[in-house]
Amino acid sequence: RFDRLPPGPAPNLLLGNLLQFNIKEAYKYYLELSEKYGSVATIWLANTPVVIISGYQALKETMIGLGEEFSGRAIYPLLMKSTYGYGVLSTSGHRWKEMRKFSLATLKNFGMGRRSIEERVKEEAENLVEMFKKCEGSAFSPADMLLNAVSNVICSIVFGQRFEFEDPQFKSLLRTVNTYFAILSSPLGQIYNIFPRLVSLFPGKHHELFKDLEEAREYCKCEAQARMNSLDPSSPQDFIEAFVLKIKEEKDNPKTEYNFDNLISVIWNLFSAGTETTSSTVRHALLLMMKHPDVQERVQREIDEVVGQDRWPSTEDRQNLPYTEAVIHEVQRHMDIAPIAVPHKMMCDTEYNGYVIPKDVMVFPLLSSVLKDPKLWKNPNCFDPENFLDADGRFQKNYAFVVFGMGKRACLGEALVRIELFIFFTSLLQHFTFKAMVPPVELDTTPTNCSFGRMPRTYECYAISRK
Ligand code: HEM
């Protein structure tokens, strides 16, 4: 069955290629493999083959050209724990398509009819600025406040409510998401995904996480159940209500995907995917501003000229803030938050480049290989906003900006993320100058934990009011 897989290093019978690389920095090893074996290569994680696709051309040919074939999701054990195999991240073809279509449309609708998504983001940005003001004069870690603000946006869309910073239920949900991502990106998560039964036998943080995930699921269930009992079908107020309406409309269709289990999973998919990623990106952005005070100053100058100090920034300002836009994109490129995207799985036996990748084989789209490709970027290895500026200082898109993945399974939160990053970043820099506790040269901006996702470093900083 595996005769015609792409080439790769010789695996050991039991452990595959696991002993040949540092699991914490797995994606760096995958990059080396692409140099040695080309744009498609195979590695073995114990007895599971994984095909790694690298380079813009190969990713385009597979994720887009052969989009249907490459569109499965590899629900590896840790992800399974959090999604229960349903929802948007479901593996089965028809199921995820319906859930994705519904989620995208509903996210968009909630941005139009009711309070717009931008209004919700602005409210959180204003609260965030107030919270930062209270920290003036002393060094503080912005991490929890950012997590809180970003998460409240998705909460107001999904649950129809925002939470206060101190709310114990909210704190517990956020802790769960935070630990989930930390473990997912750590060697423990990687090893758990390969040997779930074995790792389960040992004590460790993962047991706490599973307990927390169970509690989070219970909370989502209660919220959903309450809506099932009290929905006013004439005007669904939040994402859950829109879904419940669908469940009721389709109750006589035996093949429907709109059921209670799928609802719970989709709620959790959106909440977890929508919280950690965006807040980590803003956290990384502030760190980079402290490392590069010249860039911070130039962004502030641009904001001062276009927006001033008497009103809040809005997305309409985006076109007049080319440098700021370039900086935000460059933060994302530099951070490279999901070096192997979210693993895919083959939907059927597929021939590519003379090799045959069998059905169900796991595929890692190596986004890093595109985001750091010296042929595609002016300055791929450092933080340099020039990567997104043309000779006249205008913002310049680059097709190699693949931080959200490519094709049928690309991130469905991209539109929301663009609004969030812009409003949060500009509102913060309009009000504050960020300074580190050490001189910029001593700041390390390399994200940590590089096995699955990359997390920004934790740090304390000063937010100095600009007024
Ligand atoms: C900086 C922020 C974000 C980044 C960089 C990001 C990046 C990604 C990437 C790389 C993927 C996998 C693509 C693939 O496998 O081909 C993904 C999937 C996904 N993202 Fe995001 N994401 C972000 C924020 C969000 C937000 C705010 C939401 C929710 C509203 C979200 C929802 C999802 C979902 C549901 C999927 C799975 C899609 C599917 O399986 O079909 N993401 N994201």
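Glu68 is located in the loop that connects helix H2 (56-65) to strand S3 (72-73); helices (H or I, at least four residues) and strands (E, at least two) are DSSP runs, numbered from the N terminus. The model is a predicted one, in which local features need pLDDT of at least 70, side-chain atom pairs count only at pLDDT 80 or more, and totals for chains, interfaces and linings use all residues. Residues are numbered from 1 along each chain as its sequence is written. Although 280 residues separate Glu68 from Cys348 in sequence, their C-alpha atoms are 9.2 Å apart in space.

Strand S3 belongs to an open sheet of five strands with mixed pairing, ordered S1-S2-S7-S4-S3; two strands pair if DSSP finds at least two bridges between them. At the edges stand strand S1 (40-45) and S3, each of which pairs on one side only. S3 runs antiparallel to strand S4 (residues 344-345) and is joined to S4 by two bridges, with Arg73 opposite His344 in S4. Helix H2 packs on the sheet, where it touches S1, strand S2 (48-54) and strand S7 (362-366), and its direction makes about 120 degrees with that of S2.

The ligand is surrounded by 29 residues, the closest being Ala273, Gly274, Gly405, Cys411 and Gly413; a residue is near a molecule if its C-beta atom, placed from the backbone, lies within 6 Å of it. Helix H4 (93-112), helix H12 (260-291) and H16 each contribute at least two residues to this shell, and H12 gives the most, with seven residues. The shell comprises 18 nonpolar, eight polar and three charged residues (nonpolar: Ala, Val, Leu, Ile, Met, Phe, Trp, Tyr, Cys and Pro; charged: Asp, Glu, Lys and Arg; polar: the others, Gly among them).

H12 also packs against helix H14 (residues 322-335), at an angle of about 105 degrees and with the axes 10 Å apart. Axes are lines fitted to C-alpha atoms, for helices over the stretch in contact, and angles run from 0 to 180 degrees between N-to-C directions. H12 and H14 are therefore roughly perpendicular, a term applied to angles of 65 to 115 degrees. Thr281, His284, Ala285 and Leu288 of H12 meet Val331, Gln332, His334 and Met335 of H14, contact being defined by C-beta atoms, placed from the backbone, within 7 Å. This contact has four nonpolar, four polar and no charged residues.

Note on methods: Angles under 35 degrees count as roughly parallel, over 145 as roughly antiparallel, 65 to 115 as roughly perpendicular and the rest as oblique. Two residues are in contact if their C-beta atoms, placed from the backbone, lie within 7 Å.
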